[in-house]
Amino acid sequence: MNPTIYDVSRLSGVSTATISRAFSNPELVRESTRRKVFEAAEVLHYYPNAIARAMARQRTDKIAFLICKKRATILDEFYAGICEGSMRETNKSDYQLVISTAVDWDMEPSTARSKQIEGVILAGDAKADMVTEFQSQNIAVVLVNNRIPGLDLPCVVSDEFGGVQLAVEHLMGRGHRRIAMVAGRFSPYIVAERYSAFLEVMRLHGIQVEAQHVKMCEADVESAAQASMELLSRKDRPTAVLGANDVIAAGVMKAARRLGLRVPEDVAVVGFDDSTICPMLEPELTSVHINCRRMGELCVERLRSLLGGEECPPLTVVPEELKVRGTT
């Protein structure tokens with residue numbers, strides 16, 4: 001027969017209530033007592049029944065991670081990194097993680113209840129109505145890589161201003177003053193943050209950004225290349241370009257090659273996100289690294305705080321760093 005909590009109690013000399021607490025809330029149990037419980041459980045090969053524990057606590061400990069992005073898949077590299085961090089953090093606890101995209105998630109009011117979801121991490125371009133729909137079902141919500149004005153909920157974001165500052169000041173340290181930006185039409189929050197940060201950092205260094213030195217394009221290599229061809233064909237062309245992400249930076253490099261320009265001798269290029277394409281390019285792409293895994297871990301921590309009725313900071317900012325490679 002399978003061992004029960006009563007068997008563990010008899011062997012360890014600890015009450016069943018304390019044993020239950022040792023598995024569900026170990027921080028509330030003294031270390032010496034926890035050791036007795038876990039040693040007895042190991043000898044007996046006892047594992048607490050997750051379903052029974054959930055029924056007793058009237059909680060499911062089930063959370064969802066939804067990627068909110070056009071044409072998103074769960075294999076999206078950037079959000080996969082955040083999701084990995086969330087999975088690692090949930091694996092340390094009793095939480096179960098459901099992963100999906102917003103497009104594939106039925107937002108009918110009964111859906112989250114039928115899936116027994118207690119909390120949700122909305123990654124990317126979540127809309128206010130989606131947040132309020134979850135909140136109306138008493139489901140805790142944490143945003144990652146996004147902020148929505150007017151909504152009171154925890155947000156985990158990367159330090160976009162700090163990342164842009166690292167990139168621009170690195171280029172200035174290489175002697176560049178005519179620095180341009182190519183921004184893609186992807187997440188409105190991220191585009192706005194990086195664009196405004198670019199203007200502000202340049203202004204802080206006494207440089208006015210000319211309108212012709214900022215280009216918008218679709219978030220793909222060819223669109224970025226076309227926009228960059230116009231930018232780099234000018235007589236007063238920039239000597240350095242900041243791409244709003246690595247895909248756009250790759251388009252800048254493609255345009256430079258088409259025009260016979262050398263990278264970094266004629267034009268330096270910096271990307272954003274430090275994705276897996278950076279070392280695949282030639283020369284390898286300098287890029288701002290975002291700690292996606294840490295962002296994912298913090299999302300689960302914030303969600304755990306909300307579900308536990310604890311105070312939770314409204315904004316958590318994760319530092320960025322610059323990975324210098326051959327394009328600068």
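**Reading the features**

Reply: Leu 306 has a relative accessible area of 30% and is therefore partly exposed; buried means under 20% relative accessible area, exposed over 50%, and partly exposed in between, with a 1.4 Å probe and protein chains only. Leu 306 belongs to helix α12 (residues 292-307). Helices (H or I, at least four residues) and strands (E, at least two) are DSSP runs, numbered from the N terminus. This is a predicted model, in which local features need pLDDT of at least 70 and side-chain atom pairs count only at pLDDT 80 or more, while totals for chains, interfaces and linings use all residues. Residues are numbered from 1 along each chain as its sequence is written, and side-chain values use heavy atoms, with hydrogens and water left out.

Me: Which residues does Leu 306 touch, not counting residues up to four places away in sequence?

Reply: Contact means heavy atoms within 4.5 Å. By that criterion Leu 306 touches Ala 140, Val 141, Val 142, Pro 154 and Cys 312.

Me: How is a pair of aromatic rings described?

Reply: The description uses the distance of the centres and the angle of the planes. Rings of Phe, Tyr and Trp (its six-membered ring) pair if their centres lie within 6.5 Å; planes under 30 degrees apart count as stacked, over 60 as edge-to-face and the rest as tilted. The ring centres of Phe 78 and Tyr 79 are 5.1 Å apart and the planes stand at 85 degrees, so the pair is edge-to-face. Both Phe 78 and Tyr 79 are buried.

Me: How do strands of a sheet pair, and what is the order of the six strands in the open sheet?

Reply: Strands pair through backbone hydrogen bonds, either parallel or antiparallel. Here two strands pair if DSSP finds at least two bridges between them. The open sheet has the order β7-β6-β8-β9-β10-β12, and its pairing is mixed. Its edge strands, β7 (214-217) and β12 (320-323), each pair on one side only. From one strand to the next the twist averages 20 degrees. Strands β6 (residues 179-184) and β8 (residues 240-243) run parallel and are joined by four bridges; Ala 180 has Val 241 as its bridge partner in β8.

Me: Which strands does helix α9 lie across?

Reply: Axes are lines fitted to C-alpha atoms, for helices over the stretch in contact, and angles run from 0 to 180 degrees between N-to-C directions. Helix α9 (residues 188-204) lies across β6, β7, β8, β9 (268-273) and β10 (286-290), at about 170 degrees to β6. Helix α11 (residues 246-258) also lies across β6, β7, β8, β9 and β10, and runs at about 160 degrees to β9.

Me: Where is the cis bond to Pro 264, and which residue is joined to Pro 283 by a cis peptide bond?

Reply: The peptide bond from Val 263 to Pro 264 is cis, with omega near 10 degrees, and Pro 264 is in the loop between α11 and β9. Glu 282 is joined to Pro 283 by a cis bond with omega about -5 degrees.
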